[in-house]
Structures are given as C-alpha cells and as structure tokens.
Amino acid sequence: MYVAVKGGEAAIANAHSLLADRRRGDRSVPALRLDQIVEQLALGVDRVMSEGSLYDRELAALAIVQARGDMIEAIFLVRAYRTTLPRFGYSKPIDTGTMRVERRVSATYKDLPGGQLLGPTFDYTHRLLDPELAASADVAEPLQREAEAQAMPRVSAILAREGLIEPDGEMPQDHVPGDITREPLEFPMARDIRLQALSRGDEGFLLALGYSTQRGYARNHPFVGEIRIGEVELELDVPELPFAAPLGTVRVTECQMVNQFKGSAKAPPQFTRGYGLVFGQSERKAMAMALCDRALRASELGEDIVAAAQDEEFVISHSDNVQATGFVEHLKLPHYVDFQAELDLVRRMRAEYEARENPAKAEEKREAAE
Amino acid sequence: MRGQEARDQAERKAAMATLAQSSGDDIVRLWNEASLPSQAELLRGPETGLVTLRGRIGGGGAPFNVGEATVTRATVRLPSGQVGHCYALGRDKQKAKLAAIADALWQDPARRAEVETSLIAPLRSALTTAQEKRRAETAATKVDFFTMVRGED
C-alpha cells in the first residue's frame, strides 16, 4: 500500500549547514580567495570554464571553491548559472590564425614559420614532486628573448599547399550553425553541432575514447599537426554600432590533428583532419576532442563503423558530464515506492520458482506460514 | 569624407577595444586622475548577459558554436547629446558604464583628444607592455634545433 510521507526538512537544512562548515574547514587556516584560485589553479579554472561552457574565470573559481574542488559539481554550478542570463547574440567566428600565441608546437614539421614555442608546458618535466612548493619558495621571473616579427600560419595551411590534405571543414552555403543549448540533440547530426557538444564534453570521457582509437578501436593514424594556445579577440555584431563591437580577448586551445587515410569509395587517399577548440589552456582536452571529431567522421569518409568512438549517438549522448552525473546520482534519491513494488514482484517470482523446482518444500513452507 | 568617416570608425573601434580589454580598476584610476566627467543618463544597463562564442571548423571552415562568455553592456547619453556604448567580457558593471561614457565623450569632437590622451593612450600602452612581455617570455621557449655531426666521413 502506498503511504504518502513527508519529512527531512530539518535534516536537509542541517546537512547543508554542515556542508558549509566542512567546506570552510579548519577556521585557523586562511580562507581561499578567488584570485588565488584564478592565478594558481588556473588549469582547473579552465576546465570548469570549458565543460561548464561559460568563459568567466571568477565564476569558475567561485564554483570550484563552493564545490570543495569537486570539478563536476563546479561545472554543474556554472551550467546552472548560465541559464539565469539573457543572451546578447553570437560572436563573429574567432580567427585562431591571428592568435597572440603563448604556446605552439607541431609534431609534423620541425621547421615551420614562427617555430616551435613550448610555452608554459608540463612536457619534458620529470614529474617529480617539488617539496619547495610546499614551503612557498619564491619563483624566479621567466627569461625573455626578443620575439621575431614572423607570422604564424596554421599548419593546416602549409599542408594544404601540397594538396594532400582535405580543406578546413565546410558546410553548405545556407547552413546555419546548430546550437545544442537551443535545440534538442538529433541524430545523425552535422559536424558543427558535434563539435559544440565535444567542446563542452567531459575531458575524461573524450580522453578515454581518443585513447581507444589509438589502441586500435577505429584506428586512424593521428599526428598532432599543431597545437596552439593563446588569446584571440572576440567581436559581436550589434545593431547600434556601424562596426562589430570589440568585446576583449579570450584564451583558447586549438588542436589540428592530421590523420593518414588510405582512401575509400567516398574519398581518395589523403590526410584527413580532426579539430579541437576549447576554452582556456586545455591541451589534453583539445587533443581528445580532435581525435573524437575525426573518429566520428567515419560515415562521411566512407569508413566502417566498428568501434565505440565512431558511434555518434553513443559518444555525443554520453559526453556531457552534467547529464551523466544527474542520471547516475539520482539513484541515491528515495526510490522507496519503486523498490517496494519490485520487492513484491521478486517475492512472487521467487515463490513461483520454488513451487516449480521443489513442490514438496514449497508446500511445507506454505503450511508453516499458515 | 568617406575616408575620414572610415578612419573615425576605425579609431572609435580601437578605443572601444582598448577599454574592453582593460581592467575596471585601471579605468577608474585613470578616470579619476584625469577628472573626466561621469555625468550621463543611462539608457540601457549596465546589464550582464551571454555571448555565444563561435569558432571555425578546422580553423578556417564553417562556423560552429563553442560555448558562452559573460558580457556586460551599457548605453549612456551625455548632457550634450552624444550616445555611447560599451560591450565588454566579464561582469564589471562599473567598467561598462564608464567605458560607455568614454565612448560618448570620444564622439564629441571637443572631448576626443582629452579622452585619447588621458584615458585610451595610457591604457593602450599598459596593454602593449603586458603583451610584449608575454611575447618575449614565449619567445624564450622557442626551440633552436641543431644537427649532430655524425663523423662518418
């Protein structure tokens, strides 16, 4: 019988004040300031901006501290905040070719115009813990060198001269970029919509799928044509100004993955491409995104779909960690009535099973019960 | 006249870009130092909203939506009639309002030089210095390849 119950208000209120206390921790330890998080946990802030799909450092830092460092909870908070704001419009597409580059490497060309700029990278570090950091030692100013006034074209433009690589992804002339924040997902989807979903997708999920393609599940021979990180200017067309309004600059990471392709019924042998573009300095995510973008182009390029990373509906439906955590975590909310119904059902099935398997024992049990 | 108009627009846009990229603190400090007038009627905002940032597939292909950014905008009218606008990344309402007033003052031919010298020029110079420093720091991480001599002949 279903009995409506209420309760838990006091427990919930007390749990939230306990959470506030535990979040703050030992009061003799100074509270974190948002600028400390923005400056010193910058890549964590970038991840929250990228998967929260909102470029705003201070808000991401606030979310991280409010979520006690739980990144997916922080991303959830940012996504929820976004829904409270009106939308002013769509920016003009950013031009990564004019980026103020802070890091730029290519694994395909050693000597390329503008050179290999390592920037602030973890690459080539020895991954040894540094006890001096725990003692808050002073850090020296970085070295400077005169910068050459050399243009830094995207590597894809260099490869294009030989005609052995496909062009940047084009869409039909009248195509309006899709927006998953406005329209529900529909499969199959155009590449532009897939890229939007991948850019806000969970880094761990996309990393694992990208890794799976390297290990042979939809192998597509990737090379990092180029990774570049830096600031680009953002502009918005508005009716009140005779020119595009300059909004300021955002830092993004771009990855051009280049994939050897032996050709198919649909396309000749050439280098094909996967593309990654992510908020902030998020190199691993941009690479994983580019690997997934390329794998998901299987049907466009006439490849057999044999692996998870090529399955558009599987990848895109499960890449959003806010959706994923919502559905997984809802399991811990009260399901008393559902479970009561299932309990009844399983009891009945078990009784029938026992009656079938062992009629004598079942009869005995029934009599004992009576 | 056409050319002059285009030049004016380019200069106005450059001033707005400088204001959008500068911090609110810097703008307030210079504003007070230069005693610029902050009297203006607010026609809209300052209000914060979202702009969806677009990229291009492969860097130069078809546009796609990447994600959103917070943007604050304001529109003001000066007692002398000029209407100024500001759109800037972030949620700094004070900055948006002052930048909109600066845009309106800039459009007043009698005020333009003052706004350029006391506000835009120092902001632009600070931004350039910071960008040059970053560029030089990045340049120091450039790889210089050299070829090993194999000594076979």
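## Strand pairing between the chains

Two strands are said to pair if DSSP finds at least two bridges between them. In this predicted model, strand S2 of chain A (87-90) pairs with strand S1 of chain B (residues 41-56). The two run in the parallel sense, and three bridges join them. Within this pairing, A:Gly89 stands opposite B:Val51, a residue of S1(B).

## The contact between chains A and B

How many residues does each chain bring to the contact? Chain A gives 66 residues, and chain B gives 48 residues.

On the side of chain A that touches chain B, several elements each supply at least two residues. Among them are helix H8 (191-199), strand S3 (100-105), strand S4 (222-236) and strand S6 (270-279). Strand S5(A), covering 245-261, provides the largest share, eight residues.

## The overall form of chain A

Chain A contains 14 helices and six strands. Its radius of gyration is 27 Å, whereas the globule rule gives 21 Å for 370 residues; chain A is therefore more spread out than a compact globule.

## Burial and contacts within chain A

Of the 370 residues in chain A, 35% count as buried. Considering contacts in chain A between residues at least 6 apart in sequence, 64% link residues at least 24 apart.

Conventions: Residues numbered from 1 in each chain as written. Chains lettered and ligands numbered in written order. Predicted model: local features only at pLDDT ≥ 70, side-chain atom pairs only at ≥ 80, totals over all residues. Helix = DSSP H or I, 4+ residues; strand = E, 2+ residues; numbered from the N terminus. Rg over C-alpha atoms; globule rule 2.2 N^0.38 Å. Buried ≥ 20, exposed ≤ 12 C-beta atoms within 10 Å, placed from the backbone. Contact = placed C-beta atoms within 7 Å.
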